Every structure is written in C-alpha cells, then in structure tokens.
Amino acid sequence: MWRIITWAWRTGVITAAPRALEGPAPAGTKGRPALDPERCIGDGACERACPTGAIALGPVAPPEHAAGLARRPFRLDYGACIFCGRCAEACGPAALRMTEDYALSTRRREDLVLRATVPAVAGGGADARPAPRAAEETK
Ligand code: SF4
C-alpha cells in the first residue's frame, strides 16, 4: 500500500483528456438530441418513439391567459438516452434534432436531465387531454 502511495506522490497526475474530446466530433457522429421548445407541438411522438423511455411529457396545463396556448412539461433524460435518433425522426416539426455533442460527463446526475415547457396540441401524447383556451374553461 505504501509503495502505491509513494508512487502516486512521485508521478502526480498522469491522466489527460481523451484525444476524441479535444477536437470536433468525427463526421457522422450522433450526439445528444437537442430540443427547440418553440417548434415543439407537444404531441408526444418523440416519447412514443423513444426505445429507452428517456423522454417524458407531462399532463397538459391550461393556458395562463385567454390568448395563450396550453402547455405541458417536457423531460429528456440524457442519462437514459442512447443517441439512436428515433425521437428526431419522429418529430414532425423538427423540434428535436440530433447534434454531434456526445461529451456529457458531469458530476451531478440531475445535470443530465433537460427540462422544458412546450406548447401542447389537443389530443397529443398518451396522457394528453384536450387543450382548452382559458376563455373556454370558464364556461
Ligand atoms: S435519441 Fe433515442 S434514446 Fe435518446 S431520447 Fe431520442 S429516441 Fe430516446
């Protein structure tokens, strides 16, 4: 044990960043999917296409004002994502797109979870309910 400690003391830090992380990703690399919440319609197509359950959309919430859109929470867990790209293929409005960003290491698990609130179309997703406008709700 003492030999290991003295050896570590003498050599210091001898690890370095992997070469692959130093420059741009090789052409054709599939990295994490990125979300453009303004393009998203919250229909849940990505959630249904995801083979690992990395994407979850929450229940539709009514709009905050009469002219507003109903919205629903969107959650993408990069810790469960395998970068397969099925969500981006299933996304009609191209709100999800694959990037070349694959270096996602972090010290905190929660840093791997993307949370957003997206517009919700009526009838979208497995647990979606109709998305009434606020004025219709008061009737
Ligand atoms: S890339 Fe694949 S695993 Fe990752 S969120 Fe999209 S469908 Fe799910």
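A nonpolar core here is a set of buried Ala, Val, Leu, Ile, Met, Phe, Trp, Tyr and Cys residues joined through C-beta atoms within 7 Å. Buried means that 20 or more other C-beta atoms lie within 10 Å of a residue's own, exposed means 12 or fewer, and partly exposed is what falls in between, with C-beta atoms placed from the backbone. In this predicted model, local features need pLDDT of at least 70 and side-chain atom pairs count only at pLDDT 80 or more, while totals for chains, interfaces and linings use all residues. Numbering starts from 1 along each chain as its sequence is written.

So much for the ground rules; now the core. The largest nonpolar core has 19 residues, and L35, C46, I55, F74, C87, C91 and L96 touch the most other members.

Helices (H or I, at least four residues) and strands (E, at least two) are DSSP runs, numbered from the N terminus. Take L35: leaving aside neighbours within four places in sequence, its contacts include F74 and L96, along with C40, L76, A95, L114 and A116. A contact means two C-beta atoms, placed from the backbone, within 7 Å.

Zooming out, the chain has five helices and five strands, in the order α-α-β-α-β-β-α-β-β-α from the N terminus on. Of its 139 residues, 22% count as buried. Among contacts with a separation of 6 or more, 77% join residues 24 or more positions apart.

Next, the ligand. There are 14 residues around the ligand, and C50, C81, C84, R86 and C87 come nearest; being near takes a C-beta atom, placed from the backbone, within 6 Å of the molecule. That shell splits into 11 nonpolar residues, two polar and one charged.

Out in the open, helix α1 (residues 2–11) has zero buried residues out of 10, so it lies largely exposed to view. Just after α1, G12 takes a positive phi of about 70°. T106, in the loop between β4 (96–98) and β5 (113–119), is exposed too, with 11 other C-beta atoms within 10 Å. Not counting residues up to four places away in sequence, T106 touches D111 and L112.

As for confidence, the chain averages a pLDDT (the predictor's confidence in each residue, from 0 to 100) of 82, and 81% of the residues score at least 70. Over residues 124–139 the pLDDT is below 50, and this stretch has 35 contacts in the model beyond near neighbours in sequence.

Note on methods. Ala, Val, Leu, Ile, Met, Phe, Trp, Tyr, Cys and Pro count as nonpolar, Asp, Glu, Lys and Arg as charged, and the others, Gly among them, as polar.
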